[in-house]
Amino acid sequence: MAFGLTDGVVSLSLHSIEAMAAAGLLAHDLNWFSEQEHARWTVMTAVRRRTQFVAGRWWARQCLAATAGGCWQDYVLSAPEGGAPTVLHAPSGGLAQGLHFSLSHSADWLACAVASHPVGVDVEDVTRQRDTDALGDWIYGPHERSYIDAMPASARGDQFFALWTLKEAWIKQATETGGHASMRAVQFRPCAALKSHAVVLQAPSFTLAVVSSSAPWVLRCEAPELTGLPIAHWAMVPAERV
């Protein structure tokens, strides 16, 4: 059953790749791949990367079908190298131009966002040890650096992952609309919900961000792993302050 595609709504889902594989959901032939997807998959040599690619493409179609209707196998998706994937054909006919989706995977997590407007999603596993202070020097702009430095050290890790996922999601959304982006090309600050360009959800094992080109917009969480998580709203810092 389709949930329906409403302007200003982003449908967000999260799944475990291992759970998909264990349930046998990925154990079938790839005749539903588009020519572009098959070409990308063929040149992959790492087994884990192949599994992630198949899982992402399968999950994207499940989310698109649940949101916009039709049979999941009938969705035709692009697979550009270094670019955001798009819907080339939707089974309901004529809806392909109005469908947008974004994929992200990290460790075992796979996230997908579907909307009627350009959208970006990023999920990051936060259980692996990383030098977030050093990585922060690479991604923070001056506005972000000023409020990060004012925080206690114990809070900086969560804020790093919030900003990292926000910027990765923004890059995906900007790439879909034809822009060329880098981590430091945009800055974010916490804001009220009505002024939000993006949201961040954080759990003990992952951080997830969604950036939307629509304003105002509403996030609709379709996964039990997301239920009850606090939603932090973020806005882009005006260009003159960057």
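Student: Over the ring of which residue does the charged end of Arg 50 sit?

Tutor: The ring belongs to Trp 41, and the charged end of Arg 50 lies 3.9 Å from its centre. A charge is said to sit over a ring if NZ of Lys or CZ of Arg is within 6 Å of the ring centre and within 35 degrees of the ring normal. Please keep in mind that this is a predicted model, in which local features need pLDDT of at least 70 and side-chain atom pairs count only at pLDDT 80 or more, while totals for chains, interfaces and linings use all residues. Residues are numbered from 1 along each chain as its sequence is written, and side-chain values use heavy atoms, with hydrogens and water left out.

Student: How many helices and how many strands does the protein have?

Tutor: The protein has six helices and eleven strands, where helices (H or I, at least four residues) and strands (E, at least two) are DSSP runs numbered from the N terminus. The C-alpha atoms fill a box of roughly 55 × 35 × 35 Å along the principal axes. A compact globule of 242 residues would have a radius of gyration near 18 Å, and the protein agrees, because its own value is 18 Å; the radius is taken over C-alpha atoms, and the globule rule is 2.2 Å times the number of residues to the power 0.38.

Student: How many aromatic pairs are there, and how do I read one?

Tutor: A pair of aromatic rings is described by the distance of the centres and the angle of the planes. Rings of Phe, Tyr and Trp (its six-membered ring) pair if their centres lie within 6.5 Å, and planes under 30 degrees apart count as stacked, over 60 as edge-to-face and the rest as tilted. By this rule there are nine aromatic pairs. Trp 58 and Trp 59 make a stacked pair, because their ring centres are 6.2 Å apart and their planes stand at 25 degrees. The pair of Phe 160 and Trp 164, by contrast, is tilted, with 5.6 Å from centre to centre and 45 degrees between the planes. Trp 58 and Trp 59 also belong to one aromatic cluster together with Trp 32, Phe 33, Phe 53 and Trp 72.

Student: Where do Phe 160 and Trp 164 lie, and are they buried or exposed?

Tutor: Both are in helix α6 (residues 153-176), four residues apart, which is about one turn of the helix. Buried means under 20% relative accessible area, exposed over 50%, and partly exposed in between (1.4 Å probe, protein chains only). Phe 160, at 1%, therefore counts as buried, and Trp 164, at 12%, is buried as well. Across the 242 residues of the protein, 49% count as buried.

Student: Which residues touch the most other members of the largest nonpolar core?

Tutor: In soluble globular proteins, nonpolar side chains tend to be buried together. A nonpolar core is a set of buried Ala, Val, Leu, Ile, Met, Phe, Trp, Tyr and Cys residues joined through side-chain atoms within 4.5 Å. The largest core here has 30 residues, of which Leu 64, Tyr 75, Val 87 and Phe 101 touch the most other members. Two or more residues each come from α1 (17-22), α3 (47-68), β4 (100-106) and β5 (109-115), and the largest share, ten residues, is given by α3. Apart from this core lies another, of 22 residues, which includes Ala 162, Leu 163, Trp 164 and Leu 166.

Student: Which residues is Glu 124 in contact with?

Tutor: Contact means heavy atoms within 4.5 Å. If neighbours within four places in sequence are left aside, the contacts of Glu 124 include Arg 130, Phe 161, Trp 164 and Phe 206. Glu 124 lies in strand β6 (residues 119-125) and is buried, with a relative accessible area of 11%.

Student: Where is Ala 235 found, and what does it touch?

Tutor: Ala 235 is in strand β11 (residues 231-236) and is buried, at a relative accessible area of 5%. Among the residues that Ala 235 touches, not counting those up to four places away in sequence, are Gln 187, Phe 188 and Cys 191.

Student: Which residue other than glycine has a positive phi near 55 degrees?

Tutor: That residue is Ala 107, which lies in the loop between β4 and β5 and counts as partly exposed at 33% relative accessibility.
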